[in-house]
Amino acid sequence: MADIGGTTGPVGKLVIRNIGLLLSGDLARPILDADAVVADKGRIVAVGKARDLDLDNAKVTIDAKGCALSPGLIDSHVHPVFGDWTPRQSQLGWIDSFLNGGVTTMISAGEVHLPGRPKDIVGLKALAITAQRSFDAFRPGGVKVHAGAPVIEKGMVEEDFADLAKAGVKLLGEIGLGSVKAGDEAKKMVAWARKYGMNSTIHTGGPSVPGSGYIDESVVLEADADVIGHINGGHTALSLKQITCLCERCERAIEIVHNGNELAGLHALRIARELKQLERVIVGTDSPAGSGVQPLGILRMIALLSSLGDTPAEQAFCFATGNTARLRDLDCGLIEPGRAADFVLMDRAQHSSGTDLLDSVRKGDLPGIGMVIIDGVVRIGRSRNTPPADRVPEIVH
Ligand SMILES: [Zn+2]
C-alpha cells in the first residue's frame, strides 16, 4: 500500500460543518450556498446545508468556526526530483512546506534538476517511469505529486510514447528543455503523446537557466501542447504582442507562474478575460527554480491575479483548483460529490484591511490557513507558513 503521508487504508466518514464560505473551484458558480461537506473513504459524498445532510456517525467531525473552505490548491508546474528534496537550491522538505501553503496536488513539468539527468532515450524513459513510481508510492505530507514527466529528445519514435504510456507515464515534461525545439518535431511528438493519453506542456519564452531553450510563439502554436507552459516566461517572457497572439490563436491552457514575469502574467489574464475564456487560466509556481521555492506561491498567484488583475477572489481560486483539474484531467479541484476530499480551510489574516477573506485577497493580502485535508485526512492544523487568521477550525471529535 502506498505511503500517503502518515495514514494508510480507507478513511471513515468526515464531516465539516459551520463553513462560513464555500468556494467550489468552479468558475461557473464559484460560491456555493452551503455550510457543510461530508466525505467518506477519501471522497466527497455530500455538500449542502447542515440541516439537510446526514452528519451522524462521523469518524471525524470538524467545526470550521466560520472559516472558508476551498478545494485543495493545485500547483500546475513544479520540478520535483525524488522525495521531499530538491537539488536546485539544496532544500529538504519543500513539498511539506507547500502543503502549509494549501497545496494538495502538484504536476511535474519534468524532473529536470536530477544531477546528471539522462538525455539518451532509454535513460530518459527509465527516469520518467522511476519518478512516476516513486511519487505514486511516496507522498510527502500526503501531497499528491503527479510526476514522471519525460523531457523529450530528438530521435524518439511513436513506440517510445506507447511504451511510456503503457508503463503508467501520463505527462510530458516541458517541451523545449530537451533537444526538441523545432515546431514540426514537437508537433509530431505531442500528437503521439496525446494519442496515448499523455498530457503535455510546452516551455514558453526565453531560457530559464543555462542549457534550456528559447521557445517563441510560432513554435508554441505549431507544437499544440495541452498547456502553454508559463505563458509569462520562466522568467524571460515573450513580448506582450506574442502573448496576445498565443491567447487568441489557440485554445489550450494559459498557465501563469509565480517564477515568471508578473507584467506578462497580468497581460495574459487580461486577454483571457477579453476573450471570455477565463476557464483556460491555470496557475503554477515553476519551482524549484533559480528563484527558489515558494511555499505560499499559489496563494500569492491568487492574490496577485485578484488584486492587480482585477479579478474577484472567488474566481482567482478557480484558477488554482477547478480549472487545473479540468485541463489536467484530475479527480480533485472541485467541491462536488465523487471528487477527492482535498480541502483548505482558511480565513482573513489577522489585521488585514479587508473586511472578509475575499475582500482581503482582492486587496492583495494572503489568507491564513487553519487546516489542510487530503483524501479526507487532516494533514495539518494552523499553517506554519501563512499569516495567522482570526478564526481556526477545530476537530470536535
Ligand atoms: Zn520552463
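**Sheets and a helix in a predicted chain**

Strand S1 (residues 14-17) and strand S4 are antiparallel and are joined by three bridges. Strands here are DSSP runs of type E with at least two residues; helices are DSSP runs of type H or I with at least four, and both are numbered from the N terminus. Two strands count as paired if DSSP finds at least two bridges between them. The structure is a predicted model, in which local features need pLDDT of at least 70 and side-chain atom pairs count only at pLDDT 80 or more, while totals for chains, interfaces and linings use all residues. Residue numbers start from 1 along each chain as its sequence is written.

Ile16 stands opposite Val37 in S4. Strand S4 spans residues 36-40 and is mostly covered, with four of its five residues buried. A residue is called buried if 20 or more other C-beta atoms lie within 10 Å of its own, exposed if 12 or fewer do, and partly exposed in between; the C-beta atoms are placed from the backbone.

S4 also pairs with strand S5 (residues 43-48), again in the antiparallel sense, through five bridges. Here Asp40 has Arg43 of S5 as its bridge partner. Two residues lie between the strands of this hairpin, and Lys41 takes a positive phi near 50 degrees.

These strands belong to an open sheet of five, in the order S5-S4-S1-S6-S20, with mixed pairing. S5 and strand S20 (394-395) are the edge strands; each has a single partner strand, so one side of each is left without a neighbour in the sheet. Strands of a sheet pair through backbone hydrogen bonds, either parallel or antiparallel.

Another open sheet has three strands in the order S8-S11-S12, and its pairing is parallel. Strand S8 (73-78) and strand S12 (144-146) stand at its edges, each with a single partner strand, so one side of each lacks a neighbour in the sheet. Neighbouring strands of this sheet are turned by 20 degrees against each other on average, direction ignored. The axes are lines fitted to C-alpha atoms, for helices over the stretch in contact, and angles run from 0 to 180 degrees between N-to-C directions. Four bridges link S8 to strand S11 (residues 103-108) in the parallel sense. Ile74 stands opposite Thr105 in S11.

Helix H3 covers residues 158-166, and its buried residues are Asp160, Phe161 and Leu164. Seen down the axis of H3, these fall within an arc of 95 degrees, so they line one face of the helix. The arc is that of the directions from the helix axis to the C-beta atoms. The face turned away from the buried side carries the exposed residues Glu159 and Lys166. The buried residues of H3 pack against helix H2 (121-137) and helix H4 (183-195). Contact requires C-beta atoms, placed from the backbone, within 7 Å. Gly168 follows H3 and has a positive phi, near 105 degrees.

The chain as a whole holds 11 helices and 20 strands. Its radius of gyration is 20 Å, close to the 21 Å that the globule rule gives for 397 residues, so the chain is as compact as a globular protein of that length. This radius is taken over C-alpha atoms, and the rule is 2.2 Å times the number of residues to the power 0.38. Buried residues make up 57% of the 397 residues.

Note on methods
Two residues are in contact if their C-beta atoms, placed from the backbone, lie within 7 Å.
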